Amino acid sequence: MNRVFSGVQPTGNLHLGNYLGAIRNWVTLQADHECIYCVVDLHAITVAQDPAELRASTREVAASLLAAGIDAKTGILFNQSQVSAHAELAWIFNCVARLGWLNRMTQFKEKAGKHRENASVGLYAYPNLMAADILTYKATHVPVGEDQKQHLELCRDIAQAFNSQYGVDCFPLTEPLIFGEATRVMSLRDGTAKMSKSDPSDYARINLTDPPDLIVKKIRRARTDPDPLPSTPDELESRPEAANLVGIFAALCSESVEAVCRRFDGAQFSTFKEKLAELAIAELTPITAEMQRLMDDPAYVESVLHDGAERARNLSEPVIREVQEVVGFLIA
Ligand code: AQP
């Protein structure tokens with residue numbers, strides 16, 4: 001049986017990168033997979049969070065997921081902290097993963113930056129918790145953006161190490177699912193940096209909450225170079241900002257980058273940006289409207305998460321019991 005798990009942090013507004021790189025694919029996978037989706041609040045506190053804002057963001061991200069088409073009835077949607085199995089298995093994985101493996105993680109290096117000594121231990125051990133999120137459901141597939149590929153490789157290493165240390169076949173080797181034309185959406189201000197919730201410039205990203213006029217403004221101001229659009233994707237290789245906008249366009253209209261280059265061959269970016277803004281608005285406006293409607297009913301959103309957590313707990317409990325047995329914990 002194929003079981004899909006994926007998560008998103010409640011660290012602010014979701015943006016077009018989260019949407020095209022992950023969430024839209026999550027929606028597609030629901031048609032033929034058992035899907036478990038999670039708002040990962042335990043991951044969020046690896047950097048300081050204001051408690052009231054964290055609660056609000058958790059509701060808001062859940063509302064965005066529902067508005068984008070996540071089906072919490074056939075699938076499961078919940079917030080991580082409501083299911084203690086995640087933290088429990090993460091501790092066991094802290095004792096399986098090697099320091100050398102975590103030292104290679106580029107996301108920690110990027111996020112801790114120059115202040116490595118001041119980073120939380122949680123930020124460093126983040127990939128172990130991510131492995132626990134996935135393996136507590138023995139998920140077989142994880143849809144993610146390109147940026148999470150290395151963490152998925154670590155998850156496989158942990159599963160393999162656990163199985164071999166204890167001589168069992170407990171955990172699957174989970175496969176990443178990285179698909180679509182926008183697996184790595186870049187900042188609108190810098191084509192070499194990832195579009196990110198924590199970028200200090202709001203003009204670097206398109207948020208799912210942005211009204212149409214702001215989307216137009218952000219796309220108009222997006223950095224490009226003076227050349228017109230090229231006829232082939234090869235010519236975009238040395239033009240990161242241009243490549244990013246063409247990639248976003250391709251993802252939004254479900255065409256290949258090649259087809260978009262053919263369509264706009266020789267066009268000026270001013271013309272292209274207008275078309276891109278139209279596409280983005282057409283895709284995002286219905287989601288934003290539904291999200292606002294859901295945000296006006298926080299009790300409903302919380303009830304969805306509560307119900308999802310209960311169902312997630314039912315799936316994780318037998319796995320935790322199996323792991324306790326394997327590890328040798330005496331459970332009365
Ligand atoms: N720029 C991106 N392009 C494609 N996919 C992306 N994802 C995130 N940014 C991009 C994918 O979205 C999913 C959820 O990510 P997340 O919010 O939990 O964490 P993140 O990757 O750390 O996202 P941010 O925006 O960069 O958050 P902050 O700024 O809080 O660290 C993942 O599948 C991710 O691949």
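**Helix packing and the ligand site**

Mentor: Start with α4 and α7, which pass each other in a right-handed crossing. Keep in mind that this is a predicted model. Helix α4 covers residues 85-94, and its axis lies 8 Å from that of α7. The angle between the two is about 125°.

Now the residues. On the α4 side, the contact is made by His86, Leu89, Ala90, Phe93 and Asn94. On the α7 side, Ala125, Asn128, Leu129, Ala131, Ala132, Asp133 and Leu135 take part. By class, the contact of α4 with α7 holds eight nonpolar residues, three polar and one charged.

Stay with α7, residues 121-135, and turn to α8, residues 149-166. These helices pack at about 70°, with their axes 9 Å apart. α7 and α8 are therefore roughly perpendicular to each other. Their crossing is right-handed. From α7 come Tyr126, Pro127, Asn128, Met130, Ala131, Ile134 and Leu135. They meet His151, Leu152, Leu154, Cys155, Ile158 and Ala159 of α8. The class count for α7 with α8 is 11 nonpolar, two polar and no charged residues. Look at Asn128 of α7: it takes part in the contact with α4 and in the contact with α8. Ala131 and Leu135 of α7 also take part in the contact with α4 and in that with α8.

Next, α1 and α12. Helix α1 spans residues 16-29, and helix α12 spans residues 269-295. They pack at an angle of about 85°, and their axes are 13 Å apart. α1 and α12 are therefore roughly perpendicular to each other. Leu16, Tyr19 and Arg24 come from α1. Glu283, Leu284 and Ile287 come from α12. Sorted by class, these residues are four nonpolar, no polar and two charged.

Finally, the ligand. Ser198 places a polar side-chain atom 2.5 Å from a ligand oxygen. Lys194 has a side-chain N or O atom 2.8 Å from an oxygen atom of the ligand. Gly145 uses its backbone instead: an N or O atom there lies 2.8 Å from a ligand oxygen.

How values were computed. Residues are numbered from 1 along each chain as its sequence is written. This is a predicted model: local features need pLDDT of at least 70, side-chain atom pairs count only at pLDDT 80 or more; totals for chains, interfaces and linings use all residues. Side-chain values use heavy atoms; hydrogens and water are left out. Axes are lines fitted to C-alpha atoms, for helices over the stretch in contact, and angles run from 0 to 180 degrees between N-to-C directions. Helices (H or I, at least four residues) and strands (E, at least two) are DSSP runs, numbered from the N terminus. Angles under 35 degrees count as roughly parallel, over 145 as roughly antiparallel, 65 to 115 as roughly perpendicular and the rest as oblique. A crossing is left-handed if the near helix is turned anticlockwise from the far one by less than a right angle, and right-handed if clockwise. Contact means heavy atoms within 4.5 Å. Ala, Val, Leu, Ile, Met, Phe, Trp, Tyr, Cys and Pro count as nonpolar, Asp, Glu, Lys and Arg as charged, and the others, Gly among them, as polar. A polar contact is a pair of N or O atoms within 3.5 Å; within protein, one must be able to donate a hydrogen and the other to accept it, and residues adjacent in sequence count only if both atoms are side-chain atoms.
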